Amino acid sequence: TYARISDVIATLQSAEKEIVAQVLRDYFAQNLVQFLLALVLFVFVTFFFGVGIDILRYQLVQQAISNKKPSIGKAWKEKRPYFWNIVLLRILLFVVGLVAVAGVLLLGGLSYTLGSLFLNDRIAVIVAAIFTVLLGGALFLVLSFSFLFRYPIMFAKNVKSAYQSLKESYAFFRRQRSYVVLTWLVLLCLGIISVLISAVFNKVFDQNVLLLQ
């Protein structure tokens, strides 16, 4: 009886997997155009529209630092030399991120394989997961610190090469570790404060809308 029940459960599980796979295939087949449009929109917003916003922001900051009157029109006219360099910069960072994630996952899998030789499977999974999270967090911090000043270096020093901006940002981090880490922490705190203020504002706004209704 138990053998039959287990056979039925296994059959149901395999049937569920086939149904899920079929549903996913049908969904992507019916929504392929929408999926491709969403992908194109994501790439446009991330690599093109976002690049234009970054250029305007840093150009305005550079004008203010140089004791010039900030001008959006002038910043927009001067964006052309930087545009494709920043696009390339983002692509390089994306590739670096993919390589870092792949390396962390590979080392995490290797740690599980080695741990399973001496530990039981559950403990080996826990140890590998902790190792992967710690390694990923450490690598994320190192990359964040290394490339934190990529945009200021590109605009302040008028660097027209994406690779050179990353290289000089990493060199600056090696020379001024404490300054870079402190700047990163300040930006992190400002980001957290901004999120909290936005959450409070949205909460108050929603309550006022409900009150008006």
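The backbone oxygen of F140 is 2.8 Å from a polar side-chain atom of S144. The model is predicted.

Q: Where does S144 lie, and is S144 buried or exposed?
A: S144 belongs to helix 5, which covers residues 121-146. Its relative accessible area is 18%. Buried means under 20%, so S144 counts as buried.

Q: Which backbone oxygen does the side chain of S165 reach?
A: S165 sits in helix 7. The relative accessible area of S165 is 0%, so this residue is buried. Its side chain comes to 3.0 Å from a backbone oxygen, that of S161.

Q: Which residues is S165 in contact with, leaving aside neighbours within four places in sequence?
A: Contact here means heavy atoms within 4.5 Å. With the neighbours within four places set aside, the contacts of S165 are R150, I153, M154 and V159.

Q: Is L88 buried, partly exposed or exposed?
A: L88 is found in helix 4. The relative accessible area of L88 is 42%. Buried requires under 20% and exposed requires over 50%, so L88 is partly exposed.

Q: What separates the C-alpha atoms of L88 and Y163?
A: Along the chain, L88 and Y163 are 75 residues apart. In the model, the separation of their C-alpha atoms is 8.5 Å.

Q: How many helices and strands are in the protein?
A: Read along the sequence, the pattern is α-α-α-α-α-α-α-α. The count is 8 helices and 0 strands.

Q: What share of the accessible surface belongs to carbon and sulfur atoms?
A: Of the 213 residues in the protein, 21% are buried. The accessible surface comes to about 15,900 Å². The share of that surface belonging to carbon and sulfur atoms is 73%.

Methods. Residues numbered from 1 in each chain as written. Predicted model: local features only at pLDDT ≥ 70, side-chain atom pairs only at ≥ 80, totals over all residues. Heavy atoms only, no water. Helix = DSSP H or I, 4+ residues; strand = E, 2+ residues; numbered from the N terminus. Buried < 20%, exposed > 50% of the residue type's maximum accessible area, 1.4 Å probe, protein only. Areas by Shrake-Rupley, 256 points an atom, 1.4 Å probe, with all protein chains shown as cover. Polar contact = N/O pair within 3.5 Å; in protein donor to acceptor, adjacent residues only side chain to side chain.
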